[in-house]
Amino acid sequence: METKTIRLTMAQALLRYLDRQYVQMDGQETKFFKGIMGIFGHGNVTGIGEALERGGLDLTFIQGKNEQGMVHAAAAFAKQTNRREIFACTTSIGPGALNMVTAAATATVNRIPVLLLPGDNFASRQPDPVLQQLEIGSDYTISANEPLKAVSKYWDRIVRPEQLMKAAAHAMRVLTDPAETGAVTLALPQDVQTEAYDYPLSFFEKRVHYLDRRPPAAEALGRAVELIRGKKKPLIVAGGGVLYGGVESELAAFAEAFGIPVAETQAGKGSLPWDHPLNVGGIGVTGSLAANLLAKDADLVIGIGTRYSDFTTASKSAFSSEGVEFLNVNINAMDAVKLNGYALICDAREGLQALAKALTQAGYAAGYPLQDIAALKQKWDAEVDRLYALKHEGGFVQTEALGIINQTIDPSAVIVCAAGSLPGDLHRLWRSAQPKTYHMEYGFSCMGYEVSGAFGAALAEPERDVYAIVGDGSYLMLHSELVTSLQEGRKITVLLFNNHGYQCIHNLQREHGSDGFGNEFRYRSENGALSGDYMPIDFTAQALSLGAAAYKAASAEALQEALLLAKQERVSTLIEIPVLPGTNSQGYESWWNVGVPEVSPSEKVTAAHAKMKQKTDALKSRDW
C-alpha cells in the first residue's frame with residue numbers, strides 16, 4: 001500500500017505538526033500551541049519565517065523585542081494556563097539563541113513547558129563560518145546552541161529533514177509530561193530549515209496527548225496512611241502542583257476533614273483563600289509568623305506538589321521538632337524523595353482523595369485545638385495590618401504601598417513578580433482571595449521576568465487585570481516586552497517600586513557584616529567610589545516615550561488615585577512608586593544560609609560567620 005506524502009520544507013513540516021497538537025485533561029481538550037513568539041534574523045527568517053508567513057496555520061505570531069523577554073512571556077503564559085497551552089519561541093543563530101538561555105533555565109527550574117526553536121550553523125558547512133557562528137576548534141559540532149543543553153529537559157539538533165518526525169515526538173513527550181516538563185530545544189540548522197522532504201500525511205494528523213491523572217500505588221498509599229495516623233501535629237505545605245493540578249477544592253476538603261493547617265510556598269500561594277481558617281500563610285524564609293511557628297512543632301510535614309527549595313525549608317531549619325518526618329505527594333519522583341521523605345508518587349488530586357478516604361475510615365483527626373490555629377492567624381493578621389499601615393516621616397514605606405495596592409485592585413486581578421525584596425513582602429503579606437491571582441516566579445527569581453511575565457499572563461487571561469510588581473533594578477534589566485504589550489493591545493499595569501537600586505541585596509550585605517557596597521544607583525564620587533547622589537531616573541517619562549500611560553505616586557493618597565486612573569486607561573500603564581530603601585518586611589522565625597566569609601578584616605563579618613556557623617553546626621546531625 002502506497003503511503004501518502006506531502007513535500008514540505010522541514011520548517012513548514014514542523015509548524016504544521018505543532019498546529020495539530022492537542023492535550024486533554026479531565027475530559028477537556030485544548031489546542032496546545034497558541035502560537036510562535038519570535039525575533040527574525042538570517043538564521044530563521046527564510047526558514048521558520050517563510051513557513052509562518054505562507055503556512056496558513058492557526059498559530060499566532062508575536063514579535064518579541066528581546067529573546068530572553070519573549071521566552072519569559074511564553075513561560076508566564078504557560079504557567080497561567082496551568083501548562084495546558086504554550087507558545088514556541090524562534091530566534092536566529094548565535095546571539096539570539098544565547099539570549100534565550102536564562103529564560104530557558106527559568107522555565108525548566110519552574111517546571112514550565114516552552115519550546116525553543118533557535119537557528120543553527122549550516123549543516124552542509126558550505127558558507128562556513130556563517131555570520132554569528134561560534135567556532136570551537138576542538139569540536140566543530142559545537143554551536144551557540146550547546147549551552148541550551150544545560151537548561152533544557154530535551155535537546156536535539158535536526159541535521160536532516162526526516163529527523164524531525166522522531167524529534168518532534170520526543171519534544172511533545174517532554175512538554176506534556178507534568179513531572180519532567182521544562183524547556184525543550186530543537187536546534188534548526190539554517191539550511192536544513194529550507195530543505196524539502198516527502199513527509200507522510202499521517203505525521204500531520206491531529207494528535208491528542210492525554211494528561212491522565214496518576215493514582216498512588218496501593219502499597220505506597222497504605223504506608224502513607226499509617227504514617228499520618230501516628231502523627232498529632234501534621235502541617236501541609238502546598239506547592240505549585242496544587243494549582244497546576246487544579247486541586248484547590250480537594251486541598252480545602254482534606255485540610256478541613258482532618259483539621260490540618262496549610263502553609264503555602266511562593267508557587268502554591270493562592271491554593272486556599274488567605275482568610276480560610278486553616279490557611280496559615282507563607283512558609284520558610286519569607287513565611288508568616290503563624291506558619292513558621294507551626295513548622296517548628298510539626299511532627300509530620302505533608303508536602304503537596306512542592307520542590308522544597310531552600311526558601312521553603314529555611315535552609316532546612318524550619319522543621320526542628322525531634323523526629324519530624326515528611327510525606328511527599330508529588331508526580332515528580334525527584335521531588336518526592338527529598339528530605340528523606342516518604343514518597344507518594346501520584347497526581348495531587350488522586351493522592352488527596354485516596355488519603356482522605358482511608359483516613360476517614362480510620363477515624364483520624366489531627367491534634368490541634370482549632371482555637372490555637374485561629375489565635376495564630378489572628379496574631380498574624382494583626383501584624384499584616386500593622387505593616388500595611390506603617391508610616392515613616394522620611395517618605396513612602398514599601399509595605400504601606402503594597403497594602404494600598406492589595407486593598408484597591410480587584411481581587412480577581414493577577415499580580416506578577418519575581419525578584420528583589422518584593423517577593424518576600426508579597427509572600428508574607430499579600431492577601432490572595434482567588435487562585436491564579438498570585439503569579440510569582442521564585443524558582444529562579446529571575447530579574448527581568450516581571451514585565452515580560454505580566455504580558456504573558458495577560459495573553460493567557462485577557463479578561464483579568466494584570467499587574468507587574470517590580471523594583472527599579474529588575475525593570476532596568478529587562479522591560480522591552482512592555483512595547484510588545486502595546487503592540488498587541490494586551491494591557492498590563494507596571495507598578496514600579498523605585499528604591500534606587502538593588503536594595504534587597506544591599507540589605508543582605510549589611511545583615512552579614514558588610515557596610516554595603518555596589519548595590520545602589522549612585523553617581524561615582526570624587527574618591528572613586530559609587531557613593532555619590534542617587535541617579536534621578538525618570539521612569540514615567542521613559543514609559544510615556546514608549547507610548548504607555550504613566551503616573552508617579554509618592555504617597556498613599558496619590559497611589560490609590562493612580563491605581564484608579566490606571567484601571568481606566570486603555571493602554572499599558574506604568575505607575576512609578578518612590579519608596580524608602582529598607583522599608584520592606586523582615587523574617588519571622590526564619591533563617592537563610594547564604595555563607596559568610598570565615599576570614600575578613602572586618603570584625604562584623606567574622607562575627608556574622610560565627611553566628612552562621614553555630615546554626616549550620618546544629619543542622620549537621622540531620623541526614624536530610
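A residue counts as buried when its relative accessible area is under 20%, as exposed when that area is over 50%, and as partly exposed in between (1.4 Å probe, protein chains only). By this cut-off, buried residues make up 57% of the 624 residues in the chain. The model is predicted: local features need pLDDT of at least 70, side-chain atom pairs count only at pLDDT 80 or more, and totals for chains, interfaces and linings use all residues. Residues are numbered from 1 along each chain as its sequence is written, and side-chain values use heavy atoms, with hydrogens and water left out.

The chain holds 23 helices and 23 strands, taken as DSSP runs numbered from the N terminus (helices: H or I, at least four residues; strands: E, at least two). Its radius of gyration, taken over C-alpha atoms, is 25 Å, close to the 25 Å that the globule rule (2.2 Å times the number of residues to the power 0.38) gives for 624 residues, so the chain is as compact as a globular protein of that length. The C-alpha trace spans about 75 × 70 × 55 Å along its principal axes. Contacts require heavy atoms within 4.5 Å. Among those between residues at least 6 apart in sequence, 76% join residues at least 24 apart.

The whole structure was then searched for cavities. A cavity is a set of points on a 1 Å grid over the protein atoms alone where a 1.4 Å probe fits but cannot get out; lining residues have an atom within 4 Å of a point. Grid points are joined across faces, edges and corners, and a volume is the space filled by probe spheres set on the points. Three cavities of 30 Å³ or more were found.

The largest cavity has a volume of about 150 Å³. Its lining has 17 residues, and W274, G281, W380, D381 and R428 lie nearest the centre. β14 (279-282), α14 (370-388) and α16 (422-429) each supply at least two lining residues. By class, seven are nonpolar, four polar and six charged. Here Ala, Val, Leu, Ile, Met, Phe, Trp, Tyr, Cys and Pro count as nonpolar, Asp, Glu, Lys and Arg as charged, and the others, Gly among them, as polar.

The second largest cavity has a volume of about 90 Å³. Its lining includes K79, Q80, Y244 and H439. At least two lining residues come from each of α3 (67-80), α8 (240-244) and β19 (438-440). The lining divides into five nonpolar, five polar and two charged residues.

Conventions: 1 Å grid on protein atoms, 1.4 Å probe; cavity = no way out; pocket = protein on both sides within 12 Å on 5 of 7 lines; lining within 4 Å.
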